Amino acid sequence: MKKWVYLFHELDEVEKYVGGNWDDVRGLLGGKGANLAEMTRLGVPVPPGFTVTTEACNAYLKAGGKFPEGLWEQMMTALAEVEKLTGKKFGGTENPLLVSCRSGAKFSMPGMMDTVLNIGLNDETAQAMIRLTNNPRFVYDAYRRLVQMFGSVVLGIPDEAFEEVLDEFKRARGAKADTDLTAEDLKELTEEFKKVVRKQKGFDFPTDPYEQLRLATEAVFKSWNGKRAVDYRRATGIPDDLGTAVNIVTMVFGNMGWDSGTGVAFTRDPSTGEKKLYGEYLLNAQGEDVVAGIRNTEKIENLAKQLPEAYQQFLEICEKLERHYRDMQDVEFTIERGRLWMLQTRNGKRTARAAVKIAVDMVNEGLITKEEAVLRVSPEQVDTLLHPQFDPKVIQEAKKEGRLFATGVNASPGAAVGQVYFDADTAERMAKEFKQDVIMVRPFTKPDDVHGMLAAKGILTSEGGATSHAAVVARQFGVPCVVGASSIQIDLDKRLMSANGVVVREGEWISLDGGTGEVFLGKLPMTAPSLEEQRDLMTLLEWADEICARPGIRKGPEGFPTTGLQVWANADYPKDARRARAYGAKGIGLCRTEHMFFEPERLPIVQRMILAKTSEERKQALDELLPFQRSDFEGLFEAMDGYPVIIRLIDPPLHEFLPSEKELQEQIITKRLQNLADYVLGKGESKDIAELEKILVAVEAMHESNPMMGLRGVRLSIVMPEIVEMQVRAIFEAAANVTLRGIKAKPEVMIPLTGHINELKWIQPRLEEIAKQVMKEKGVEFPYKFGTMIEVPRAAVTAGEIAQIAEFFSFGTNDLTQMTFGYSRDDAERSFLVKYVELGVLPKNPFQTLDREGVGRLMKMAIEEGRKTRPDLEVGICGEHGGDPSSIEFCHLVGNNYVSCSPFRVPVARLAAAHAALKHAAK
Ligand code: PEP
Ligand code: MG
């Protein structure tokens with residue numbers, strides 16, 4: 001018979017069953033169950049209990065809601081063992097055992113699934129508990145909680161049905177907080193709650209403890225497929241087939257008087273990463289009171305004064321758990337009459353900033369290795385660290401102007417500016433359908449609100465603390481968040497909020513700073529954060545670079561790089577290159593030279609060059625452009641001193657530098673009408689339209705049906721070589737000039753859009769000739785390369801030939817994706833691609849994440865063929881994919897030397913490159 005149930009002290013048996021792999025232990029017992037078992041083995045005080053495995057959940061769901069054979073019997077045997085361990089009896093009328101029934105999947109899904117507490121209470125066991133504790137208030141509080149939780153979680157009665165009764169009850173008795181209610185009140189309240197069950201369901205609350213246990217277990221199983229859990233899995237990518245485990249744990253009570261309490265804590269500050277205990281607790285309360293943020297909690301350090309012994313023991317346990325798990329822990333505890341019990345430990349969720357600090361600190365403390373530290377921070381987290389902030393000066397100014405609206409707890413850092421919406425559905429709709437920047441505002445959030453929170457740029461609540469639902473979820477997803485801004489009153493009916501007499505209505509703008517907890521009226525400007533100020537991140541990224549630079553970390557056929565990926569940047573101007581270098585780029589992978597042509601002082605010259613009738617006229621215009629280009633390139637070489645700089649020759653179709661046909665026609669018509677009016681009125685000179693008409697004729701002549709597949713890239717260079725000849729001269733003169741000044745220039749000239757070897761054969765020797773000539777003229781030598789972009793499928797397919805001439809390849813995956821799929825990169829995202837991804841026709845937008853099977857396959861083939869011809873072929877990527885972690889991993893696997901991305905993404909790419917190297921390290 002299959003074993004569906006494991007007692008907490010049976011961890012060895014679990015390990016034997018799954019083959020000793022901890023990941024599989026978590027898979028079977030769920031994260032919570034595995035940790036409870038592990039803590040039990042460590043000698044940490046854990047209330048006795050057992051775990052029903054995820055296999056049991058899956059079997060139950062597969063059978064359409066039937067317990068698999070043997071499950072119930074095994075639960076009964078385990079329960080008998082727990083009775084033995086505790087000396088209590090489930091349903092007993094002398095010393096009754098009460099248990100909780102808690103969900104716990106392999107990956108933590110906070111608040112997404114169900115929990116029922118105080119199972120085992122009924123009128124008889126309640127009497128026994130009163131006799132034992134002499135505390136009827138506590139017993140009836142537990143009892144009414146059971147009826148309420150069981151009613152909502154297991155029987156599906158809306159929370160409000162109970163909340164209304166409770167509120168009414170408190171009002172009638174003049175009670176402010178739940179703690180103001182007496183034992184008698186709570187006894188009556190229990191009866192009232194039972195009436196709610198009868199009224200809503202048509203049957204009585206089940207008083208048989210075994211029936212309670214069975215139904216609660218089923219409810220937890222079913223909650224795996226509840227909407228909340230499914231939505232959460234969609235957002236986090238947790239697979240649907242894992243199932244949840246169910247933990248049946250002896251109840252311990254934090255509400256047994258003022259020597260009891262309950263709390264949650266992180267072993268380090270989850271916002272900043274600082275090494276100090278961070279948490280909250282409440283005396284005489286149950287866990288849900290802390291998490292729900294209903295009563296005002298105490299800071300954990302105050303416990304030292306209130307229950308010093310328990311606090312001391314708690315500190316030691318936290319230290320022990322952190323050392324054991326080698327990570328920051330998020331723990332739940334309860335103190336029952338002075339005795340400490342640990343209810344849960346798990347690796348704590350943290351902000352990106354904290355993740356980096358904790359990883360670096362733990363290396364310095366000798367707890368983890370540099371490799372582990374690098375793997376503990378995700379590229380996405382680095383991305384959030386580089387997200388916008390408010391400049392302190394802006395904040396100061398806003399305060400002076402009286403725009404500070406409210407202040408709350410700084411729950412998740414980052415700046416957010418958006419329009420206010422007061423419920424999750426509207427917030428989501430405004431963000432998705434109307435593309436608005438949204439700030440979701442609620443008194444507090446619940447798991448049902450997660451879709452709105454994910455769609456929002458920022459979250460604001462008027463209630464709750466640093467470990468409230470809103471705070472935890474926001475931190476996890478990197479959404480800036482302020483909670484517990486208690487001066488704010490929210491009127492959900494009137495759809496407005498107010499603080500200190502100022503009213504903000506739905507749809508109005510606010511700005512919030514999740515790092516300081518401040519909320520401002522209106523829109524404040526945001527600034528990009530500076531990497532230089534983030535020491536820990538710099539350290540972590542240096543470790544990432546070190547890992548990538550290790551010889552032997554990759555293995556492959558001849559020519560395959562043995563180190564990991566380098567990260568280069570796409571930069572058109574010296575200032576971008578300087579930023580790229582400051583962010584750690586080891587080269588420029590793409591300088592789009594045509595961007596320089598658009599500068600206002602240059603565009604007229606470019607237009608003159610395009611419209612030139614004779615080669616002579618064209619040359620003259622190009623001579624004027626040359627000094628501009630040369631000085632741009634000098635700036636790039638200076639910024640990248642010692643690193644390679646890939647400069648791409650002109651790529652776009654020429655009409656992009658001229659006004660559009662429509663624009664020209666409009667201008668001509670306007671002028672004609674003016675002339676006509678002037679003629680009729682007999683005043684003024686008629687305006688000259690000949691020039692405009694000349695341009696229009698030229699533009700019309702250049703018209704192409706598919707310009708992206710037309711006269712651009714190398715094709716343009718062959719038809720009109722003068723432009724690229726000028727560019728190559730500018731590149732080499734610039735390189736020569738800076739070399740003479742002691743700078744190490746390494747120019748690499750890149751020819752775009754090659755599809756046939758003959759194109760390179762035609763153009764490249766001419767250009768190399770110019771290069772050599774310039775070096776001769778200037779009397780200097782420096783290393784240089786000529787290479788091509790691989791952006792046309794034919795180039796990829798014939799890469800072996802192309803590498804006979806090209807010394808390097810750079811995959812232009814924007815065009816390569818466009819041409820491989822046959823999707824117009826300018827239109828597809830607007831017209832059908834979003835739908836495709838929504839419908840699952842495509843798993844991801846291929847313009848964001850490289851399509852490994854199609855475009856990627858072409859890349860792999862091109863690299864292999866290319867290196868067969870030229871083993872030292874340098875291979876890079878410079879499409880948008882160069883900054884996308886999954887695409888970077890692919891580039892690592894197929895043997896790119898480097899990836900090139902926008903300067904802002906360089907830090908993200910450095911970490912992603914190291915992750916790829918570690919994940920696939922050559923054995
Ligand atoms: C590309 O096609 O991937 C590329 C980098 O070139 P561009 O985006 O300039 O066409
Ligand atoms: Mg391109």
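Before I turn to the chain itself, let me say that by helices I mean DSSP runs of H or I with at least four residues, and by strands DSSP runs of E with at least two. With that in hand, and keeping in mind that what we have here is a predicted model, we can look at residues 28-64, where the chain is 65% helix and 11% strand and the end C-alpha atoms lie 20 Å apart. That stretch comes from the UniProt record, an unreviewed entry, which lists residues 28-64, 66-301 and 312-365 under "domain: Pyruvate phosphate dikinase AMP/ATP-binding". Over residues 312-365, the chain is 50% helix and 31% strand, with 22 Å between the end C-alpha atoms.

Now to the salt bridges, of which a search of the whole structure finds 67. One of them joins E10 to K3, with 3.3 Å between the closest N and O atoms; here E10 is buried, at a relative accessible area of 15%, while K3 is partly exposed, at 27%.

Another pairs E188 with R173, the closest N and O atoms being 3.0 Å apart, and because E188 sits in helix α8 and R173 in helix α7, this pair ties together parts that are 15 residues apart in sequence.

Which strands does the salt bridge between D330 and R346 tie together? The N-to-O distance in that bridge is 3.2 Å, and D330 lies in strand β11 (residues 329-336) while R346 lies in strand β12 (residues 339-347), so the parts joined are 16 residues apart in sequence. Finally, salt bridges that share partners join E594, R648, D651, R712, D815 and R825 into one network.

Notes. Residues are numbered from 1 along each chain as its sequence is written. Chains are lettered from A and ligands numbered from 1 in the order in which they are written. This is a predicted model: local features need pLDDT of at least 70, side-chain atom pairs count only at pLDDT 80 or more; totals for chains, interfaces and linings use all residues. Side-chain values use heavy atoms; hydrogens and water are left out. UniProt positions are given in the numbering used here, feature names are shortened, and annotations may be inferred rather than shown by experiment. A salt bridge is a side-chain nitrogen of Lys or Arg within 4 Å of a carboxyl oxygen of Asp or Glu. Buried means under 20% relative accessible area, exposed over 50%, partly exposed in between (1.4 Å probe, protein chains only).
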